[in-house]
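Colleague: I would like to learn how to read the features of a model like this one. Please give me the general idea each time, then the case here.

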Amino acid sequence: MMNSLLGGRYLLGQMIGTGGMADVYIAQDQRLSREVAIKILRSDLAKDPAFVSRFRKEAKAAAGLNHPAIVAVYDSGEEPAPYIVMELVSGHTLRELIHQGERLPLNRALEIAEGILAGLEYSHDRHIVHRDIKPANVMITDNGDVKVMDFGIARAMDDLGATLTSTWNVVGTAQYLSPEQAVGEPADSRSDIYSTGCLLFELLTGQPPFTGETPVSIAYQHASSIAPLVRTLKPELPEGIETVLAVALSKKPEDRYQSAQAMLDDIAKVRAGEVVTTKVAKKPLFSRRSALLLGGTFFAAIALSVTGLLMSGGGSNSGPMVPNVVGLSEEMARALLADYSVTIKHAHDGVIPKDRVASQLPLATTRAKVGSSVVLTVSDGPGDAIVPDDLIGMSLIDARSALTSVGLLVSQTIASPSDQPQGTVLDVMPAVGSVTEAGSSVILTIASGEVTVPNLIGIEAIQAKTLLIQAGFLIKEFYDYDSAQPAGVVIRQAPDAGTTQTIGKSVTITINRQP
(Lines give C-alpha, C1' and ligand atoms only; values in the text may rest on other atoms or scores of the structure.)
Protein backbone atom coordinates (compact mmCIF):
# COMPACT_ATOMS: atom_id res chain seq x y z
CA MET A 1 0.00 0.00 0.00
CA MET A 2 3.08 2.21 0.37
CA ASN A 3 3.27 5.11 -2.13
CA SER A 4 -0.48 4.74 -2.85
CA LEU A 5 -2.32 7.99 -3.46
CA LEU A 6 -5.55 8.10 -1.45
CA GLY A 7 -8.32 10.39 -2.60
CA GLY A 8 -6.02 11.74 -5.31
CA ARG A 9 -4.32 13.73 -2.56
CA TYR A 10 -2.60 11.75 0.23
CA LEU A 11 0.65 9.93 -0.60
CA LEU A 12 1.03 7.07 1.87
CA GLY A 13 4.40 6.66 3.56
CA GLN A 14 5.69 4.51 6.39
CA MET A 15 3.35 2.49 8.61
CA ILE A 16 3.67 3.87 12.14
CA GLY A 17 1.18 1.73 14.01
CA THR A 18 -1.18 -1.20 13.81
CA GLY A 19 -3.99 -2.46 15.97
CA GLY A 20 -7.11 -4.55 16.08
CA MET A 21 -9.18 -1.94 14.27
CA ALA A 22 -6.87 -0.09 11.90
CA ASP A 23 -3.39 0.47 10.52
CA VAL A 24 -1.86 3.94 10.75
CA TYR A 25 0.44 5.52 8.18
CA ILE A 26 2.34 8.75 7.81
CA ALA A 27 1.20 10.46 4.63
CA GLN A 28 1.98 13.58 2.66
CA ASP A 29 -0.94 15.86 1.88
CA GLN A 30 0.01 16.84 -1.67
CA ARG A 31 -2.45 19.72 -1.76
CA LEU A 32 -1.40 21.48 1.46
CA SER A 33 2.21 20.21 1.60
CA ARG A 34 1.98 18.88 5.14
CA GLU A 35 2.44 15.56 6.87
CA VAL A 36 -0.66 13.89 8.25
CA ALA A 37 -1.59 10.57 9.84
CA ILE A 38 -4.01 8.29 8.01
CA LYS A 39 -5.89 5.54 9.81
CA ILE A 40 -7.11 2.84 7.42
CA LEU A 41 -9.77 0.61 8.88
CA ARG A 42 -9.71 -3.15 9.08
CA SER A 43 -10.90 -5.02 6.00
CA ASP A 44 -13.82 -6.70 7.80
CA LEU A 45 -15.17 -3.35 8.95
CA ALA A 46 -14.75 -2.02 5.41
CA LYS A 47 -17.09 -4.76 4.17
CA ASP A 48 -19.91 -3.76 6.53
CA PRO A 49 -22.17 -1.27 4.68
CA ALA A 50 -23.86 -0.19 7.91
CA PHE A 51 -20.52 0.63 9.49
CA VAL A 52 -19.25 2.48 6.42
CA SER A 53 -22.39 4.59 6.33
CA ARG A 54 -22.22 5.39 10.04
CA PHE A 55 -18.47 6.00 9.86
CA ARG A 56 -18.91 8.50 7.01
CA LYS A 57 -21.43 10.47 9.04
CA GLU A 58 -19.45 10.46 12.27
CA ALA A 59 -16.12 11.27 10.61
CA LYS A 60 -17.71 14.39 9.15
CA ALA A 61 -19.06 15.36 12.57
CA ALA A 62 -15.66 14.79 14.20
CA ALA A 63 -14.00 16.89 11.49
CA GLY A 64 -15.86 19.88 12.91
CA LEU A 65 -14.04 19.62 16.26
CA ASN A 66 -11.26 22.16 16.60
CA HIS A 67 -9.71 22.12 20.07
CA PRO A 68 -6.09 21.80 21.30
CA ALA A 69 -7.02 18.73 23.41
CA ILE A 70 -8.56 16.85 20.46
CA VAL A 71 -6.60 15.23 17.63
CA ALA A 72 -7.93 17.08 14.59
CA VAL A 73 -9.73 15.11 11.88
CA TYR A 74 -9.08 16.72 8.52
CA ASP A 75 -10.74 14.45 5.99
CA SER A 76 -12.10 10.97 5.33
CA GLY A 77 -12.61 8.60 2.42
CA GLU A 78 -13.61 5.06 1.55
CA GLU A 79 -11.21 3.75 -1.12
CA PRO A 80 -9.49 1.28 -0.96
CA ALA A 81 -10.99 1.02 2.55
CA PRO A 82 -12.60 3.53 4.90
CA TYR A 83 -9.95 5.91 6.23
CA ILE A 84 -9.64 9.11 8.20
CA VAL A 85 -6.99 11.78 7.79
CA MET A 86 -5.82 13.17 11.11
CA GLU A 87 -3.39 15.57 12.64
CA LEU A 88 0.03 13.90 12.94
CA VAL A 89 0.92 13.91 16.63
CA SER A 90 4.41 13.12 17.87
CA GLY A 91 4.16 11.29 21.17
CA HIS A 92 2.77 8.16 22.82
CA THR A 93 -0.64 6.90 23.84
CA LEU A 94 -1.49 6.86 27.51
CA ARG A 95 -1.87 3.09 27.16
CA GLU A 96 1.78 2.79 26.12
CA LEU A 97 2.90 4.87 29.10
CA ILE A 98 0.79 2.81 31.52
CA HIS A 99 2.09 -0.48 30.10
CA GLN A 100 5.64 0.78 30.54
CA GLY A 101 4.87 0.85 34.25
CA GLU A 102 5.02 4.62 34.53
CA ARG A 103 3.47 5.88 37.77
CA LEU A 104 2.44 9.52 37.72
CA PRO A 105 2.50 11.99 40.61
CA LEU A 106 -0.89 13.34 41.64
CA ASN A 107 -0.59 16.70 39.88
CA ARG A 108 0.48 15.14 36.58
CA ALA A 109 -2.39 12.63 36.69
CA LEU A 110 -4.80 15.48 37.36
CA GLU A 111 -3.29 17.52 34.50
CA ILE A 112 -3.96 14.65 32.12
CA ALA A 113 -7.53 14.29 33.38
CA GLU A 114 -8.00 18.04 32.93
CA GLY A 115 -6.81 17.82 29.33
CA ILE A 116 -9.25 15.00 28.58
CA LEU A 117 -12.13 16.81 30.27
CA ALA A 118 -11.38 20.06 28.44
CA GLY A 119 -11.64 18.24 25.13
CA LEU A 120 -14.85 16.52 26.24
CA GLU A 121 -16.44 19.75 27.43
CA TYR A 122 -15.79 21.23 23.98
CA SER A 123 -17.17 18.18 22.14
CA HIS A 124 -20.18 17.79 24.45
CA ASP A 125 -21.12 21.42 23.85
CA ARG A 126 -21.33 20.44 20.18
CA HIS A 127 -23.45 17.36 20.97
CA ILE A 128 -20.69 14.88 20.17
CA VAL A 129 -20.15 12.12 22.75
CA HIS A 130 -16.98 10.05 22.46
CA ARG A 131 -18.26 6.83 24.13
CA ASP A 132 -14.86 5.08 24.17
CA ILE A 133 -12.59 7.07 26.47
CA LYS A 134 -9.68 4.79 27.37
CA PRO A 135 -5.86 5.10 27.56
CA ALA A 136 -5.40 3.88 23.96
CA ASN A 137 -7.47 6.85 22.74
CA VAL A 138 -5.48 9.50 24.62
CA MET A 139 -2.22 10.81 23.19
CA ILE A 140 0.50 12.48 25.27
CA THR A 141 2.58 14.61 22.93
CA ASP A 142 6.34 15.00 23.17
CA ASN A 143 5.62 18.38 24.78
CA GLY A 144 3.43 16.74 27.43
CA ASP A 145 0.12 17.99 26.03
CA VAL A 146 -3.01 15.82 26.09
CA LYS A 147 -4.95 15.00 22.93
CA VAL A 148 -8.05 12.78 22.71
CA MET A 149 -8.52 10.91 19.44
CA ASP A 150 -10.92 8.63 17.54
CA PHE A 151 -14.16 10.52 18.11
CA GLY A 152 -15.64 9.46 14.76
CA ILE A 153 -14.57 5.82 15.00
CA ALA A 154 -15.72 5.43 18.59
CA ARG A 155 -19.18 6.82 17.84
CA ALA A 156 -19.61 4.74 14.70
CA MET A 157 -18.55 1.54 16.47
CA ASP A 158 -20.77 2.24 19.46
CA ASP A 159 -23.89 3.01 17.46
CA LEU A 160 -23.59 -0.36 15.74
CA GLY A 161 -23.60 -2.09 19.13
CA ALA A 162 -19.92 -2.90 18.63
CA THR A 163 -18.41 -1.60 21.85
CA LEU A 164 -17.71 -5.20 22.80
CA THR A 165 -17.44 -6.78 19.36
CA SER A 166 -14.76 -9.50 19.20
CA THR A 167 -15.67 -10.11 22.82
CA TRP A 168 -12.55 -11.87 24.00
CA ASN A 169 -10.13 -9.27 22.66
CA VAL A 170 -11.59 -6.17 24.31
CA VAL A 171 -10.84 -6.46 28.01
CA GLY A 172 -9.10 -3.08 27.72
CA THR A 173 -12.31 -1.47 26.50
CA ALA A 174 -14.49 -3.23 29.07
CA GLN A 175 -12.43 -1.74 31.90
CA TYR A 176 -13.68 1.76 31.03
CA LEU A 177 -17.33 1.01 30.18
CA SER A 178 -20.05 2.98 31.90
CA PRO A 179 -22.77 0.94 33.62
CA GLU A 180 -25.33 1.99 31.01
CA GLN A 181 -23.05 0.81 28.20
CA ALA A 182 -22.49 -2.48 30.04
CA VAL A 183 -26.21 -3.29 29.93
CA GLY A 184 -26.80 -1.98 26.43
CA GLU A 185 -28.58 1.27 27.33
CA PRO A 186 -28.01 4.60 25.51
CA ALA A 187 -24.83 6.47 26.48
CA ASP A 188 -24.76 10.26 26.71
CA SER A 189 -22.09 12.73 27.78
CA ARG A 190 -22.20 11.43 31.36
CA SER A 191 -20.91 8.09 30.07
CA ASP A 192 -17.71 9.89 29.04
CA ILE A 193 -17.50 11.30 32.59
CA TYR A 194 -17.63 7.76 34.04
CA SER A 195 -14.96 6.48 31.64
CA THR A 196 -12.71 9.43 32.48
CA GLY A 197 -13.18 8.57 36.16
CA CYS A 198 -12.05 4.99 35.44
CA LEU A 199 -9.00 6.28 33.60
CA LEU A 200 -8.07 8.72 36.38
CA PHE A 201 -8.52 5.94 38.96
CA GLU A 202 -5.96 3.86 37.04
CA LEU A 203 -3.51 6.75 36.69
CA LEU A 204 -3.58 7.26 40.45
CA THR A 205 -3.51 3.63 41.60
CA GLY A 206 -1.92 1.69 38.76
CA GLN A 207 -5.07 -0.40 38.19
CA PRO A 208 -8.58 0.23 36.81
CA PRO A 209 -11.46 0.16 39.30
CA PHE A 210 -12.70 -3.22 38.02
CA THR A 211 -10.72 -6.13 36.62
CA GLY A 212 -11.60 -9.69 35.64
CA GLU A 213 -10.83 -12.63 33.39
CA THR A 214 -13.37 -11.73 30.75
CA PRO A 215 -15.15 -8.64 29.42
CA VAL A 216 -18.45 -10.09 30.68
CA SER A 217 -17.23 -10.31 34.26
CA ILE A 218 -15.81 -6.77 34.09
CA ALA A 219 -19.01 -5.38 32.56
CA TYR A 220 -21.04 -7.07 35.31
CA GLN A 221 -18.97 -5.29 37.95
CA HIS A 222 -19.51 -1.92 36.27
CA ALA A 223 -23.25 -2.54 36.35
CA SER A 224 -23.62 -3.96 39.85
CA SER A 225 -20.52 -3.35 42.02
CA ILE A 226 -19.33 -0.22 43.77
CA ALA A 227 -15.83 0.90 42.83
CA PRO A 228 -13.33 0.73 45.71
CA LEU A 229 -12.57 4.00 47.44
CA VAL A 230 -9.33 5.21 45.96
CA ARG A 231 -7.75 6.00 49.34
CA THR A 232 -8.11 2.37 50.43
CA LEU A 233 -5.47 1.71 47.77
CA LYS A 234 -3.52 4.97 48.05
CA PRO A 235 -4.02 6.43 51.56
CA GLU A 236 -1.72 9.36 50.79
CA LEU A 237 -4.15 10.84 48.25
CA PRO A 238 -6.18 13.87 49.38
CA GLU A 239 -9.77 13.39 50.49
CA GLY A 240 -11.00 15.64 47.70
CA ILE A 241 -9.84 13.31 44.94
CA GLU A 242 -11.76 10.47 46.58
CA THR A 243 -14.90 12.60 46.36
CA VAL A 244 -14.22 13.49 42.72
CA LEU A 245 -13.85 9.84 41.76
CA ALA A 246 -16.85 8.69 43.82
CA VAL A 247 -19.06 11.20 41.99
CA ALA A 248 -17.61 10.43 38.54
CA LEU A 249 -18.02 6.67 39.11
CA SER A 250 -21.60 6.81 40.37
CA LYS A 251 -23.72 4.00 38.91
CA LYS A 252 -26.61 6.27 37.93
CA PRO A 253 -25.83 8.97 35.33
CA GLU A 254 -27.94 11.48 37.28
CA ASP A 255 -25.64 11.05 40.31
CA ARG A 256 -22.47 11.85 38.35
CA TYR A 257 -21.06 15.18 37.30
CA GLN A 258 -23.54 16.52 34.77
CA SER A 259 -20.82 18.13 32.67
CA ALA A 260 -17.10 17.77 32.08
CA GLN A 261 -16.71 21.35 33.32
CA ALA A 262 -18.22 20.44 36.70
CA MET A 263 -15.61 17.71 37.14
CA LEU A 264 -12.90 20.11 35.97
CA ASP A 265 -13.98 22.62 38.63
CA ASP A 266 -13.65 20.05 41.41
CA ILE A 267 -10.25 18.88 40.16
CA ALA A 268 -9.12 22.52 40.25
CA LYS A 269 -10.19 22.64 43.90
CA VAL A 270 -8.16 19.51 44.68
CA ARG A 271 -5.06 21.01 43.04
CA ALA A 272 -5.56 24.24 44.98
CA GLY A 273 -5.94 22.37 48.29
CA GLU A 274 -9.56 23.47 48.66
CA VAL A 275 -12.44 21.38 50.03
CA VAL A 276 -14.58 19.58 47.46
CA THR A 277 -18.21 20.09 48.48
CA THR A 278 -19.96 18.07 45.75
CA LYS A 279 -22.22 15.49 47.37
CA VAL A 280 -21.74 11.79 46.73
CA ALA A 281 -24.96 9.84 46.21
CA LYS A 282 -25.74 7.27 48.88
CA LYS A 283 -24.43 3.89 47.80
CA PRO A 284 -26.74 0.88 47.87
CA LEU A 285 -25.41 -2.08 49.82
CA PHE A 286 -24.99 -5.36 47.95
CA SER A 287 -24.48 -8.59 49.90
CA ARG A 288 -23.19 -11.51 47.83
CA ARG A 289 -26.66 -13.12 47.83
CA SER A 290 -28.58 -9.99 46.90
CA ALA A 291 -26.10 -9.27 44.12
CA LEU A 292 -26.72 -12.75 42.73
CA LEU A 293 -30.48 -12.35 42.96
CA LEU A 294 -30.41 -8.94 41.30
CA GLY A 295 -27.64 -9.99 38.96
CA GLY A 296 -29.70 -12.35 36.82
CA THR A 297 -31.37 -9.52 34.94
CA PHE A 298 -28.12 -7.56 34.81
CA PHE A 299 -26.15 -10.54 33.58
CA ALA A 300 -28.66 -11.43 30.88
CA ALA A 301 -28.59 -7.86 29.59
CA ILE A 302 -24.81 -7.68 29.82
CA ALA A 303 -24.30 -10.97 28.03
CA LEU A 304 -26.59 -9.82 25.25
CA SER A 305 -24.94 -6.42 24.92
CA VAL A 306 -21.50 -8.06 24.78
CA THR A 307 -22.45 -9.81 21.55
CA GLY A 308 -24.03 -6.66 20.17
CA LEU A 309 -27.10 -8.75 19.32
CA LEU A 310 -29.98 -7.58 21.49
CA MET A 311 -32.53 -8.98 19.08
CA SER A 312 -36.09 -10.17 19.29
CA GLY A 313 -35.37 -13.44 17.49
CA GLY A 314 -37.09 -14.59 14.37
CA GLY A 315 -37.46 -18.36 14.53
CA SER A 316 -40.66 -20.31 14.51
CA ASN A 317 -40.16 -21.45 18.11
CA SER A 318 -42.40 -19.90 20.71
CA GLY A 319 -41.25 -19.13 24.22
CA PRO A 320 -38.80 -16.67 25.77
CA MET A 321 -35.51 -15.65 24.23
CA VAL A 322 -32.64 -17.86 25.34
CA PRO A 323 -30.17 -15.82 27.46
CA ASN A 324 -26.63 -15.47 26.17
CA VAL A 325 -24.41 -17.34 28.63
CA VAL A 326 -21.18 -17.46 26.61
CA GLY A 327 -18.31 -16.48 28.87
CA LEU A 328 -20.07 -17.27 32.12
CA SER A 329 -19.23 -19.95 34.63
CA GLU A 330 -21.31 -23.14 34.50
CA GLU A 331 -22.96 -22.20 37.79
CA MET A 332 -24.09 -18.79 36.58
CA ALA A 333 -25.14 -20.19 33.19
CA ARG A 334 -27.34 -22.82 34.85
CA ALA A 335 -28.90 -20.12 37.04
CA LEU A 336 -29.86 -18.05 33.99
CA LEU A 337 -31.11 -21.16 32.16
CA ALA A 338 -33.22 -22.45 35.05
CA ASP A 339 -36.27 -22.74 32.78
CA TYR A 340 -34.46 -25.10 30.40
CA SER A 341 -32.93 -28.59 30.44
CA VAL A 342 -29.16 -27.97 30.34
CA THR A 343 -26.68 -30.45 28.86
CA ILE A 344 -22.96 -29.83 29.37
CA LYS A 345 -20.20 -30.78 26.92
CA HIS A 346 -16.49 -30.01 27.15
CA ALA A 347 -13.99 -29.01 24.45
CA HIS A 348 -10.69 -27.20 24.08
CA ASP A 349 -10.98 -23.55 23.14
CA GLY A 350 -8.09 -21.22 22.37
CA VAL A 351 -10.02 -18.04 23.21
CA ILE A 352 -12.54 -18.69 25.98
CA PRO A 353 -10.91 -19.24 29.41
CA LYS A 354 -11.07 -22.64 31.08
CA ASP A 355 -14.34 -23.53 32.85
CA ARG A 356 -16.27 -20.79 31.01
CA VAL A 357 -19.06 -21.42 28.51
CA ALA A 358 -17.55 -21.35 25.02
CA SER A 359 -20.73 -21.87 22.97
CA GLN A 360 -24.40 -22.62 23.30
CA LEU A 361 -27.25 -24.17 21.28
CA PRO A 362 -29.78 -22.73 20.70
CA LEU A 363 -28.10 -19.36 20.19
CA ALA A 364 -29.06 -16.37 22.28
CA THR A 365 -30.76 -14.77 19.28
CA THR A 366 -33.49 -17.44 19.15
CA ARG A 367 -36.53 -18.35 21.20
CA ALA A 368 -37.04 -21.73 22.81
CA LYS A 369 -39.89 -23.31 24.73
CA VAL A 370 -39.60 -23.54 28.49
CA GLY A 371 -38.29 -26.97 29.42
CA SER A 372 -36.57 -27.55 26.07
CA SER A 373 -32.91 -28.56 25.82
CA VAL A 374 -29.98 -26.15 25.79
CA VAL A 375 -26.53 -27.60 25.11
CA LEU A 376 -23.55 -25.74 26.55
CA THR A 377 -19.94 -26.39 25.59
CA VAL A 378 -17.61 -25.53 28.45
CA SER A 379 -14.01 -24.65 27.64
CA ASP A 380 -11.26 -27.01 28.80
CA GLY A 381 -8.76 -24.26 28.04
CA PRO A 382 -6.55 -24.01 25.00
CA GLY A 383 -5.42 -27.04 23.04
CA ASP A 384 -2.65 -26.98 20.46
CA ALA A 385 -2.36 -24.74 17.42
CA ILE A 386 0.08 -24.88 14.51
CA VAL A 387 1.64 -21.69 13.15
CA PRO A 388 0.55 -21.66 9.46
CA ASP A 389 3.26 -22.65 6.96
CA ASP A 390 2.37 -19.99 4.39
CA LEU A 391 2.61 -16.86 6.58
CA ILE A 392 5.89 -15.64 5.08
CA GLY A 393 5.14 -13.35 2.16
CA MET A 394 1.55 -12.65 3.23
CA SER A 395 0.28 -9.13 3.82
CA LEU A 396 -0.18 -8.16 7.45
CA ILE A 397 -3.98 -8.24 7.08
CA ASP A 398 -3.99 -11.73 5.53
CA ALA A 399 -1.52 -13.04 8.12
CA ARG A 400 -3.63 -11.74 10.97
CA SER A 401 -6.68 -13.52 9.53
CA ALA A 402 -4.75 -16.76 8.99
CA LEU A 403 -3.52 -16.75 12.58
CA THR A 404 -6.95 -15.95 13.99
CA SER A 405 -8.43 -18.88 12.08
CA VAL A 406 -6.16 -21.32 13.95
CA GLY A 407 -6.67 -19.65 17.34
CA LEU A 408 -3.53 -17.52 17.52
CA LEU A 409 -3.16 -13.78 18.07
CA VAL A 410 -0.65 -11.18 16.88
CA SER A 411 0.89 -9.59 19.97
CA GLN A 412 3.52 -7.44 18.27
CA THR A 413 4.72 -6.38 14.84
CA ILE A 414 8.34 -5.40 14.26
CA ALA A 415 9.11 -3.28 11.19
CA SER A 416 12.28 -4.29 9.38
CA PRO A 417 14.03 -2.83 6.30
CA SER A 418 13.19 -4.89 3.22
CA ASP A 419 12.67 -4.59 -0.50
CA GLN A 420 9.33 -6.36 -0.05
CA PRO A 421 6.10 -4.30 -0.16
CA GLN A 422 5.33 -2.52 3.08
CA GLY A 423 3.51 -4.77 5.56
CA THR A 424 4.71 -8.03 4.00
CA VAL A 425 5.44 -10.69 6.62
CA LEU A 426 9.17 -11.48 6.65
CA ASP A 427 9.41 -13.69 9.73
CA VAL A 428 7.30 -15.09 12.55
CA MET A 429 8.08 -16.21 16.08
CA PRO A 430 7.40 -19.02 16.94
CA ALA A 431 8.50 -20.28 13.53
CA VAL A 432 6.05 -21.46 10.91
CA GLY A 433 5.03 -25.07 11.48
CA SER A 434 5.61 -24.80 15.23
CA VAL A 435 3.08 -26.36 17.58
CA THR A 436 2.05 -23.92 20.30
CA GLU A 437 -0.82 -23.38 22.71
CA ALA A 438 -4.00 -22.13 21.11
CA GLY A 439 -4.83 -18.63 22.28
CA SER A 440 -1.17 -17.68 22.60
CA SER A 441 0.50 -14.85 20.73
CA VAL A 442 2.99 -14.61 17.90
CA ILE A 443 5.36 -11.84 16.86
CA LEU A 444 5.49 -10.85 13.20
CA THR A 445 8.39 -9.14 11.49
CA ILE A 446 7.00 -7.06 8.63
CA ALA A 447 8.58 -5.03 5.84
CA SER A 448 8.84 -1.37 6.72
CA GLY A 449 9.09 -0.34 3.09
CA GLU A 450 12.66 0.75 3.68
CA VAL A 451 15.88 -0.91 2.53
CA THR A 452 19.48 -0.57 3.56
CA VAL A 453 21.59 1.66 1.32
CA PRO A 454 24.50 -0.39 -0.08
CA ASN A 455 28.15 0.64 0.17
CA LEU A 456 28.96 2.15 -3.22
CA ILE A 457 32.32 3.80 -2.50
CA GLY A 458 35.05 2.55 -4.84
CA ILE A 459 32.60 0.67 -7.09
CA GLU A 460 32.40 1.34 -10.82
CA ALA A 461 29.59 3.77 -11.56
CA ILE A 462 27.72 1.34 -13.83
CA GLN A 463 27.77 -1.36 -11.15
CA ALA A 464 26.66 1.15 -8.47
CA LYS A 465 23.72 2.27 -10.60
CA THR A 466 22.71 -1.35 -11.18
CA LEU A 467 22.74 -2.04 -7.42
CA LEU A 468 20.61 1.03 -6.73
CA ILE A 469 18.07 0.21 -9.44
CA GLN A 470 17.76 -3.37 -8.20
CA ALA A 471 17.17 -2.08 -4.66
CA GLY A 472 14.37 0.20 -5.87
CA PHE A 473 16.10 3.57 -5.55
CA LEU A 474 16.16 6.54 -7.90
CA ILE A 475 19.63 7.88 -8.75
CA LYS A 476 21.10 11.37 -8.70
CA GLU A 477 24.64 11.62 -9.97
CA PHE A 478 27.31 14.29 -9.74
CA TYR A 479 30.92 14.44 -10.79
CA ASP A 480 34.08 15.45 -8.98
CA TYR A 481 37.75 14.59 -9.23
CA ASP A 482 40.01 12.81 -6.77
CA SER A 483 43.45 12.04 -8.17
CA ALA A 484 43.95 9.31 -5.56
CA GLN A 485 40.97 7.30 -6.91
CA PRO A 486 40.53 5.51 -10.25
CA ALA A 487 38.40 7.28 -12.82
CA GLY A 488 34.77 6.14 -13.11
CA VAL A 489 34.31 4.93 -9.53
CA VAL A 490 32.00 6.33 -6.86
CA ILE A 491 33.88 8.55 -4.43
CA ARG A 492 30.94 9.84 -2.33
CA GLN A 493 27.36 8.85 -1.64
CA ALA A 494 24.35 10.14 0.27
CA PRO A 495 22.75 8.72 2.35
CA ASP A 496 25.69 6.84 3.83
CA ALA A 497 26.05 3.09 3.43
CA GLY A 498 24.20 1.12 6.09
CA THR A 499 21.46 3.68 6.63
CA THR A 500 17.89 2.96 5.55
CA GLN A 501 16.01 4.80 2.87
CA THR A 502 12.42 4.44 1.72
CA ILE A 503 12.04 2.57 -1.56
CA GLY A 504 11.56 5.00 -4.45
CA LYS A 505 13.63 7.76 -2.84
CA SER A 506 16.84 9.05 -4.42
CA VAL A 507 20.41 8.08 -3.58
CA THR A 508 23.07 10.56 -4.70
CA ILE A 509 26.42 9.30 -5.98
CA THR A 510 29.46 11.35 -6.91
CA ILE A 511 31.52 9.77 -9.70
CA ASN A 512 35.23 10.37 -10.11
CA ARG A 513 35.93 12.11 -13.44
CA GLN A 514 39.01 14.02 -14.51
CA PRO A 515 38.30 17.65 -15.39
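Modeller: Start with contact, which means heavy atoms within 4.5 Å. Helices (H or I, at least four residues) and strands (E, at least two) are DSSP runs, numbered from the N terminus. This is a predicted model, in which local features need pLDDT of at least 70, side-chain atom pairs count only at pLDDT 80 or more, and totals for chains, interfaces and linings use all residues. Residues are numbered from 1 along each chain as its sequence is written, and side-chain values use heavy atoms, with hydrogens and water left out.

Colleague: Which residues of H4 and H8 meet?

Modeller: From H4 come Leu-106, Ala-109, Leu-110, Ile-112, Ala-113, Ile-116, Leu-117, Leu-120 and His-124, and from H8 come Ser-189, Asp-192, Ile-193, Thr-196, Leu-199, Leu-200, Leu-203 and Leu-204. For classes, Ala, Val, Leu, Ile, Met, Phe, Trp, Tyr, Cys and Pro count as nonpolar, Asp, Glu, Lys and Arg as charged, and the others, Gly among them, as polar. The contact of H4 with H8 has 13 nonpolar residues, three polar and one charged.

Colleague: At what angle do the axes of H4 and H8 cross?

Modeller: Axes are lines fitted to C-alpha atoms, for helices over the stretch in contact, and angles run from 0 to 180 degrees between N-to-C directions. The axes of H4 and H8 (residues 189-205) cross at roughly 165 degrees and come within 10 Å. Angles under 35 degrees count as roughly parallel, over 145 as roughly antiparallel, 65 to 115 as roughly perpendicular and the rest as oblique. H4 and H8 are therefore roughly antiparallel to each other.

Colleague: Is the crossing of H4 and H12 left-handed or right-handed?

Modeller: A crossing is left-handed if the near helix is turned anticlockwise from the far one by less than a right angle, and right-handed if clockwise. H4 and H12 cross in the left-handed sense, whereas H4 passes H8 in a right-handed crossing. H4 (residues 106-125) and H12 (residues 260-272) pack at about 160 degrees, with axes 9 Å apart. H4 and H12 are therefore also roughly antiparallel. By class, the contact of H4 with H12 has 11 nonpolar, two polar and four charged residues.

Colleague: Now sheets. In what order do the three strands of the open sheet lie?

Modeller: Strands of a sheet pair through backbone hydrogen bonds, either parallel or antiparallel. Two strands count as paired if DSSP finds at least two bridges between them. The order here is E19-E22-E20, with mixed pairing. E19 (474-480) and E20 (490-494) are the edge strands, each pairing on one side only. E19 and E22 (residues 506-512) run parallel and are joined by seven bridges. Phe-478 has Thr-510 in E22 as its bridge partner. Helix H16 (residues 461-471) packs on this sheet, touching E19, E20 and E22, and its direction makes about 175 degrees with that of E22.

Colleague: How many residues of E3 are buried?

Modeller: Buried means under 20% relative accessible area, exposed over 50%, partly exposed in between (1.4 Å probe, protein chains only). Six of the eight residues of E3 (residues 22-29) are buried. E3 is joined to E4 (residues 34-41) by eight bridges, and the two run antiparallel. In their hairpin, with four residues between the strands, Ser-33 takes a positive phi near 55 degrees. By contrast, His-92 is partly exposed, with a relative accessible area of 39%.
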